[in-house]
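Please look at the model first.

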Protein chains: 2
Amino acid sequence: MKTLIVHAHPEPRSLNGSLKDLAVTTLRGAGHEVRVSDLYAMNWKAVVDAADYGPHASSPLKVAADSGRAFDAGELTADVRAEQEKLLWADTVILQFPLWWYTMPAILKGWVDRVFTYHFAYGVGEHSDTRYGERFGEGTLAGRRALLSVTVGGPEAHYASRGINGPVEDLLFPIHHGVLFYPGMEVLPPFVVHSADRITADDYPDLAKAWEQRLLTLESTEPIPFRRQNHGDYEIPSLQLKEGLEAEGRTGFGLHLRG
Amino acid sequence: MKTLIVHAHPEPRSLNGSLKDLAVTTLRGAGHEVRVSDLYAMNWKAVVDAADYGPHASSPLKVAADSGRAFDAGELTADVRAEQEKLLWADTVILQFPLWWYTMPAILKGWVDRVFTYHFAYGVGEHSDTRYGERFGEGTLAGRRALLSVTVGGPEAHYASRGINGPVEDLLFPIHHGVLFYPGMEVLPPFVVHSADRITADDYPDLAKAWEQRLLTLESTEPIPFRRQNHGDYEIPSLQLKEGLEAEGRTGFGLHLRG
């Protein structure tokens, strides 16, 4: 296995830092190759702007089109090209981050915004009567697995099906489905640590064991069964789920799960 | 009305830039006061780090606790204090942004991550048998209205109730409910422009008219009826919605709407 870990926490001695370090040692110990993009340590530039596209930045700037032309020419900035190369090298991608305001920290969002360019992560493939580009189950990153490892301040009950924050799987859906499945990756169920600020040294061994267990079974874990866009479940080009396919009682994001 | 517009697009001559400019002129023309935080023009620092908390940064860094101590001492960085002051000045807050990867651009997420500190936007109020802090309908920003003005690349059908991306109101829920309603703001239904890259000069007058209409009726627009945390709908402290309160067929994020 070749795993890319993208890590987004400002404090190396944090729970997130420990989980990242444990992933590196556990996977390497099992004979796997690991690369780490530690975004804070790299001083990752979080903000998309014209400098990202060099001579391909048009005036006025067009983020999608300009990023696509810079990608096609192999002239995206070196930091972005390096991340794209790591994603192509990997067969498994882990994003390690704390849930801040119900989604990823800005530095990690900026990794997505800058690395997932047009023609690399979107705007890929042809449109026809039966296909609407290669996305949602097809695309540049097809054949890879992805996993979110997330620390959450609140307790599990607050993120359960009736919890006030909304179900954690729904909060993560825009990342699982919209960022990872979109360019073709299969997405494994997330590793979520609740009440993260209350984890003590006494709690840590059990937590570490659970994380090691997940890491050592990545290859046999069943992915979340998102529906593929071009496999007959959706009308083309409206991309509405065809009538009658959903399991009883499923609405909202849940419609986009098979079975 | 005193309106703060937080704007997050790298190109002033973009559709987002035009909608922001139109909001300024429309509101001022109607006699309202307007302030703008143009995050790209301000070169807004998007990334939370120890420098944000000066002498209050502990080692190891604790983002929540350290931000709260710096806030209490009035010693957050000047850029963050200025944004908090603008939020307290405003009675209406508009966030203008393009939907990138199903949520806000990194620069705007970094505005939330850095400005919405502990003791300002969270960690406010006491806990008891009937109250779980002041949040979700109460808090520092209570009495204010908020509105998202969002441009979206895809067509409306792709974001409808059965659309492949998921319903746009569910994609925006973590921002509406988790970022804006959390510290106390009432949230108005969003202004969403679909197929934004295909808007032509011929389309713009109708779009501008619709936006002006929304802007001039902000004070009379009914907010999204999110349930308040401390008003009897949730068990304390599990914060699970009490049985039997939901409208038939409502699940997921929809549970947290009244009626």
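Q: Is A:H7 buried or exposed, and what is its relative accessible area?
A: In this predicted model, A:H7 is part of strand β1 (residues 2–7) of chain A. Beyond its neighbours within four places in sequence, A:H7 touches A:N16, A:G17, A:K20, A:S37, A:D38, A:L39, A:Y40 and A:Q96. Buried means under 20% relative accessible area. A:H7 is therefore buried, with a value of 1%.

Q: Is A:N43 buried or exposed, and what is its relative accessible area?
A: A:N43 sits in the loop between β2 and α2 of chain A. Its phi is near 55°, which is positive although the residue is other than glycine. The limit for exposed is over 50%. A:N43 is therefore exposed, with a relative accessible area of 68%.

Q: What is the relative accessibility of B:N43, and does that count as buried or exposed?
A: B:N43 is located in the loop between β2 (33–38) and α2 (63–72) of chain B. It is not a glycine, yet it has a positive phi of about 55°. With exposed set at over 50%, B:N43 counts as exposed, at 66%.

Q: Which residue does A:S59 join through a cis peptide bond?
A: The residue in question lies in the loop between β2 (33–38) and α2 (63–72) of chain A. Omega of the bond is about 0°, and the partner of A:S59 is A:P60.

Q: How compact is chain A, and what is its radius of gyration?
A: Chain A has seven helices and six strands, in the order β-α-β-α-α-β-α-β-α-β-β-α-α along the sequence. The globule rule gives 18 Å for 259 residues, and the chain is close to that, so it is as compact as a globular protein of that length; its radius of gyration is 19 Å.

Q: What percentage of the residues of chain A count as buried?
A: The C-alpha atoms of chain A fill a box of roughly 55 × 50 × 35 Å along the principal axes. Of contacts between residues at least 6 apart in sequence, 74% join residues at least 24 apart. Of the 259 residues, the share that counts as buried is 57%.

Q: How are α3(A) and α4(A) oriented to each other?
A: The axes of helix α3 (residues 78–89) of chain A and α4(A) come within 10 Å and cross at roughly 90°. Angles of 65 to 115 degrees count as roughly perpendicular. Therefore the two helices, α3(A) and α4(A), are roughly perpendicular.

Q: How is α4(A) oriented to α4(B)?
A: The axes of helix α4 (residues 106–115) of chain A and helix α4 (residues 106–115) of chain B come within 8 Å, crossing at roughly 175°. Angles over 145 degrees count as roughly antiparallel. α4(A) is therefore roughly antiparallel to α4(B).

Notes
Residues numbered from 1 in each chain as written. Chains lettered and ligands numbered in written order. Predicted model: local features only at pLDDT ≥ 70, side-chain atom pairs only at ≥ 80, totals over all residues. Heavy atoms only, no water. Axes fitted to C-alpha atoms, helices over the stretch in contact; angles between N-to-C directions. Helix = DSSP H or I, 4+ residues; strand = E, 2+ residues; numbered from the N terminus. Parallel < 35°, antiparallel > 145°, perpendicular 65-115°, else oblique. Buried < 20%, exposed > 50% of the residue type's maximum accessible area, 1.4 Å probe, protein only. Contact = heavy atoms within 4.5 Å. Rg over C-alpha atoms; globule rule 2.2 N^0.38 Å.
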